[in-house]
Amino acid sequence: MSAISSFVHELANEDLSRLDDRSLEQDVVDVSRLIDMLSAQLMVRIAEVDRRKTFAFDGFLSTQAWVASACDMGAGNARRKVAVAQALETMPETTTRFSAGDISNDKVLILADAVDAYPDRFAID
């Protein structure tokens, strides 16, 4: 994780005025893709916490409550992240493509809503 933190600090200290317009635009696209890839890894890890029930060791009654506390976010946001993580468990190819940055977080949210609405259509055989 320290390599990721170092990279983010490097980005934060970059002099954007030195970038030409096309390079700046490409940076926006690249950073967006990296955020999606990191979001995928967050979902994978939340799903693992949920599967292992590790939140109970800290006295929490649910994955959602633990995520809200541990990640300093609102309950609704935590609930959404856990729901997406659980939905991705039923979509291994989507998870792989999300992790590779080939599918955006926004598209994954749409697919997670579809899994919630039509779980039988996403069942893994």
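Predicted model: local features only at pLDDT ≥ 70, side-chain atom pairs only at ≥ 80, totals over all residues.

Biologist: Which secondary structure does the protein have, and how many helices and strands?

Modeller: Begin by listing the elements in order. Here there are 6 helices and 0 strands, so the pattern along the sequence reads α-α-α-α-α-α, by the DSSP runs. The C-alpha trace spans about 50 × 35 × 25 Å along its principal axes.

Biologist: What share of the residues is buried?

Modeller: Burial is judged by relative accessible area, and under 20% counts as buried. Of the 125 residues in the protein, 23% are buried.

Biologist: Which residues of the largest nonpolar core touch the most other members?

Modeller: That core has 19 residues, and M43, I46, V67, V84, L88, F98 and V108 touch the most other members. At least two core residues come from each of α2 (21-52), α3 (63-70), α4 (75-88) and α6 (105-117). The most come from α4, which gives 6 residues.

Biologist: What is V108 in contact with, leaving aside its neighbours within four places in sequence?

Modeller: V108 is in contact with V84, L88, T94, F98 and I103. For the protein, take contacts between residues at least 6 apart in sequence: 51% of them join residues at least 24 apart.

Biologist: How many positive and negative side chains are there?

Modeller: There are 13 positive and 21 negative side chains, and the centres of the two sets lie 5 Å apart.

Key
Residues numbered from 1 in each chain as written. Heavy atoms only, no water. Core = buried A, V, L, I, M, F, W, Y, C linked by side-chain atoms within 4.5 Å. Buried < 20%, exposed > 50% of the residue type's maximum accessible area, 1.4 Å probe, protein only. Helix = DSSP H or I, 4+ residues; strand = E, 2+ residues; numbered from the N terminus. Contact = heavy atoms within 4.5 Å. Lys, Arg positive; Asp, Glu negative; His and termini not counted. Charge placed at Lys NZ, Arg CZ, Asp CG, Glu CD.
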